[in-house]
Amino acid sequence: MRDPGDRAQSEAGVDVYRLALVADAATVRAREAMLDAAELARAGRRPTAAKRAAFVLARAALRRVLSAYLGMAPQSIEFSIGEHGKPALAGAAGAGLRFNLSHSHELALIAVARDVELGVDIEYMRELVDMPRLARRSFSEHEVGVLEALPPAQRHAAFFRCWSRKEAVIKANGRGISLGLGAFDVTLAPDEAPRLLATRWAPDEAADWQLYPLDPHPDYAAALAAGVAGLAIRTWSIEP
Ligand SMILES: CC(C)(COP(=O)(O)OP(=O)(O)OC[C@H]1O[C@@H](n2cnc3c(N)ncnc32)[C@H](O)[C@@H]1OP(=O)(O)O)[C@@H](O)C(=O)NCCC(=O)NCCS
């Protein structure tokens, strides 16, 4: 385990931090003190104590990680929010520093890089009661076809592989599901490298986003999308 502050500031590539979203009450209280009023209000709207704690731990970790790059206190960092909800650093602070956050169940991932737009996604591979219906609702025709052609034993992992890759793409692009989940194709078969295959809203855009595999835990699927090919990916674990 290394602390974000240990990492050399000048290294090119992407740093991906993994953290568990479970901690004792004293830790959660200490992390709350790092958040701003808007974050505390959002935490307060979470339906359960566990979900509130997870939100607090993820946002505090984001601030702690970014503080090591920015050389400023976690609680002093200010965020802006893009048109479709993508958070970024406000003003001139950390010009060129990009990040993205994802949480699912008990884990979160935070990706940070300089001058490269990023999208990260992690998905807990929960039991699904109606995978075919969910796939038809959220995946493209091509993806549904690939999923249904796989042996049944491979479909659960392929479903979440596809889901996390699609989420990573829409989070990198920043326009979220406004793009239309069926309007682009990613790879999902076990023998295919992560790749964005087609973007029907603008065919040339498929070449703009590179997908990278992440493997944070056997019970989770995860992916990173970035605006540059051949990036070195460094993975770290941090305490909540
Ligand atoms: C944000 C969004 C893009 C992803 O949400 P999600 O996968 O449910 O949740 P994640 O934990 O991975 O991501 C949420 C985080 O991404 C960041 N985020 C929010 N909006 C974002 C956007 N438009 N682009 C990039 N990142 C965004 C935020 O940091 C947010 O966490 P925070 O609010 O605690 O800071 C969501 O708006 C969305 O579009 N969900 C689609 C759900 C769906 O049907 N997916 C099917 C995929 S096949």
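In this predicted model, Met 131, Ala 135 and Arg 136 in helix H4 meet Val 144, Leu 147 and Glu 148 in helix H5. The residues of this contact divide into four nonpolar, no polar and two charged. Helix H5 covers residues 141-149, and its axis and that of H4 come within 8 Å and cross at roughly 155°. An angle over 145 degrees counts as roughly antiparallel, and H4 is therefore roughly antiparallel to H5. The handedness of the crossing of H4 and H5 is right-handed.

A second pairing involves H4, which comprises residues 131-138, and helix H6, which comprises residues 152-173; their axes come within 12 Å and cross at roughly 25°. Angles under 35 degrees count as roughly parallel, so H4 and H6 are roughly parallel to each other. The crossing of H4 and H6 is left-handed. On the side of H4, the contact is made by Met 131, Leu 134, Ala 135 and Ser 138, while H6 contributes Arg 155, His 156, Phe 159, Trp 163 and Lys 166. Sorted by class, the contact of H4 with H6 has five nonpolar, two polar and two charged residues.

H5 passes H6 in a right-handed crossing. Here Glu 143, Leu 147 and Glu 148 in H5 meet Arg 155, Ala 158, Phe 159, Cys 162 and Lys 166 in H6. This contact has four nonpolar residues, no polar ones and four charged ones.

Cys 162 lies in helix H6 and has a relative accessible area of 0%, so it is buried. Leaving aside its neighbours within four places in sequence, Cys 162 is in contact with Phe 139, Glu 143, Val 186 and Leu 188. The C-alpha atoms of Cys 162 and Ala 189 are separated by 8.6 Å, although the two residues are 27 residues apart along the chain.

Another buried residue is found in a loop. Glu 205 is placed between strand E8 (196-199) and strand E9 (210-214). The relative accessible area of Glu 205 is 11%, under the 20% cut-off, and Glu 205 therefore counts as buried. Its side chain is joined to that of Asn 173 by a polar contact of 2.6 Å. Apart from neighbours within four places in sequence, Glu 205 is in contact with Asn 173, Arg 175, Leu 196 and Thr 199. Asn 173 lies within the range given for H6, while Leu 196 and Thr 199 lie within that given for E8.

Helix H3, residues 49-70, holds Ser 67. At 13% relative accessibility, Ser 67 counts as buried. When its neighbours within four places in sequence are set aside, Ser 67 is in contact with Met 72, Ala 73, Pro 74 and Ile 77.

Most residues other than glycine have a negative phi. His 105, however, has a positive phi of about 55° although it is not a glycine. His 105 is in the loop between strand E4 (97-104) and strand E5 (107-114), and its relative accessibility of 47% makes it partly exposed. Asp 115 is found in the loop between E5 and strand E6 (118-124). The phi of Asp 115 is near 60°, a positive value in a residue other than glycine. With a relative accessible area of 63%, Asp 115 is exposed.

Conventions
Residues are numbered from 1 along each chain as its sequence is written. This is a predicted model: local features need pLDDT of at least 70, side-chain atom pairs count only at pLDDT 80 or more; totals for chains, interfaces and linings use all residues. Side-chain values use heavy atoms; hydrogens and water are left out. Axes are lines fitted to C-alpha atoms, for helices over the stretch in contact, and angles run from 0 to 180 degrees between N-to-C directions. Helices (H or I, at least four residues) and strands (E, at least two) are DSSP runs, numbered from the N terminus. Angles under 35 degrees count as roughly parallel, over 145 as roughly antiparallel, 65 to 115 as roughly perpendicular and the rest as oblique. A crossing is left-handed if the near helix is turned anticlockwise from the far one by less than a right angle, and right-handed if clockwise. Contact means heavy atoms within 4.5 Å. Ala, Val, Leu, Ile, Met, Phe, Trp, Tyr, Cys and Pro count as nonpolar, Asp, Glu, Lys and Arg as charged, and the others, Gly among them, as polar. Buried means under 20% relative accessible area, exposed over 50%, partly exposed in between (1.4 Å probe, protein chains only). A polar contact is a pair of N or O atoms within 3.5 Å; within protein, one must be able to donate a hydrogen and the other to accept it, and residues adjacent in sequence count only if both atoms are side-chain atoms.
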